[in-house]
Amino acid sequence: MTNFRLMAAAVGLALPLVAAGLQPAAAEDHLKVAIGQINNWENQAPTLGQDAGIFKKHGIVLDNVGTQGAGETIQAVISGSADIGAGVGAAGVMRAFSKGAPVRILAPAFTGTGDLYWYVKSDSKIKSIKDWTPDTTVAYSTNGSSSNNIVVAFMNELHGKGKPTATGGPAATLTAAMSGQVDVGWAAPPFGLKEIKEGKIRIVARGSDVPSLRGQTVRTLIVNANAWKTKHDAILRFMDAYREAIDWMYSDPKAVEMYSKKVHQPIELLKESMEKFQPKETVQTTEFKDLDGAVKDAVKLKFLDKPLTEAQLKELIVTPPVRK
């Protein structure tokens, strides 16, 4: 009898241990990310980072979805069909927030405007912004995007003329420009660099031509306000992984090799693009640069009816500090 009791006690102790061993590992959190211009280098942290296993290490699985630009991305985040949006123009987010949309700025995504450029076919008579006329169609991606912001600034700050025209992403824009549907196309490297080297297109303007935008954070990561509350821990881990992915992209040659295979572009061309258009400081994620200037420009360019207050900006920008 005593032996039976000892045996039963041993089994009783063993069962919880066995059960614990059979329990699955903690489930990973799934987040949906809408990315405007998903193949641009500066937007690769969610996609290449996931391929490299960085997000998995932080207990995150991403469902990355490409959009035609910030307008579509903002709508996806506002509706809740995406938790996070990448590559969204700062002025567009401010406009949506000012109208009561449930959206917050999670972090800066790109600072400066030197990566965006405007081009014409090689046989075009247009040499610079000065040659634009009121009938010149000038491309941007979607309403509320940084390309939209820059085109408006071309007109307001640089006294350019023309008709701002939404054309979607770089590939669709190139088709429109080469077929004559639009006079001036837009793109972001590495897209179009091959055509430039082959002499098919010529750059006539760059975002950095606009003085007020050169040192300003122009594109952001945004988050749905409800997701920020209900998935707070997962989104903080997303930011940890995102920042780790950025560091990896600029330190490990394998990242550029993976990107080269993804976009079918030569590695050397991509390295040149990074050095000239997207140095690491442009993708910093800790500080919204020239916030006062961004608000003033949003008003000047008619994205906002009036400046956001200090309290509104505190509510809008929720960037978490770097966690060690």
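Residues are numbered from 1 along each chain as its sequence is written. Because the model is predicted, local features need pLDDT of at least 70 and side-chain atom pairs count only at pLDDT 80 or more, while totals for chains, interfaces and linings use all residues, and side-chain values use heavy atoms, with hydrogens and water left out.

Colleague: What is the mean pLDDT of the protein chain?

Modeller: pLDDT is the predictor's confidence in each residue, from 0 to 100. Over residues 1–25 it stays under 50, and the model has zero contacts there beyond four places in sequence, a contact being heavy atoms within 4.5 Å. In the chain, 92% of the residues reach 70 or more, and the mean is 90.

Colleague: Which helix gives the most to the lining of the largest pocket?

Modeller: A pocket is an open set of points on a 1 Å grid over the protein atoms alone, with protein on both sides within 12 Å along at least five of seven lines, whereas a cavity is a set where a 1.4 Å probe fits but cannot get out; lining residues have an atom within 4 Å of a point. The largest pocket is lined by 19 residues, with N39, N40, P170, A171 and F191 nearest its centre, and the elements that give two or more residues are β2 (60–67), α7 (170–178), α8 (193–197) and α11 (253–263). Helices (H or I, at least four residues) and strands (E, at least two) are DSSP runs, numbered from the N terminus. The element that gives the most, with three residues, is α7.

Colleague: How many charged residues are in the lining of the second largest pocket?

Modeller: Asp, Glu, Lys and Arg count as charged; Ala, Val, Leu, Ile, Met, Phe, Trp, Tyr, Cys and Pro as nonpolar; and the others, Gly among them, as polar. The lining of the second largest pocket includes D240, R243, E244, D247, K280 and R323. Its residues divide into three nonpolar, three polar and, as charged residues, six.

Colleague: What volume does the largest cavity have?

Modeller: A volume is the space filled by probe spheres set on the grid points, which are joined across faces, edges and corners. The search of the whole structure finds two cavities of 30 Å³ or more. The largest cavity is lined by 16 residues, with Q37, G87, S146, W186 and R219 nearest its centre, and its volume is about 120 Å³.

Colleague: Which element supplies the largest share of the lining of the second largest cavity?

Modeller: This cavity is lined by A90, A91, N149, Q216, A294, D297 and A298. Both α5 (90–98) and α13 (291–300) supply at least two residues each. The largest share, three residues, comes from α13.

Colleague: Which residue just after α4 takes a positive phi?

Modeller: In α4 (residues 70–79), A70, G71, T73, I74, A76 and V77 are buried, where buried means under 20% relative accessible area, exposed over 50% and partly exposed in between (1.4 Å probe, protein chains only). Their cover includes β1 (29–36), β3 (84–89) and β10 (217–224). Just after this helix, a positive phi of about 90 degrees is taken by G80.

Colleague: Which side chain meets D29 in a salt bridge?

Modeller: A salt bridge is a side-chain nitrogen of Lys or Arg within 4 Å of a carboxyl oxygen of Asp or Glu, and the structure holds 18 of them. The N to O distance is 2.4 Å, and the partner of D29 is R237.
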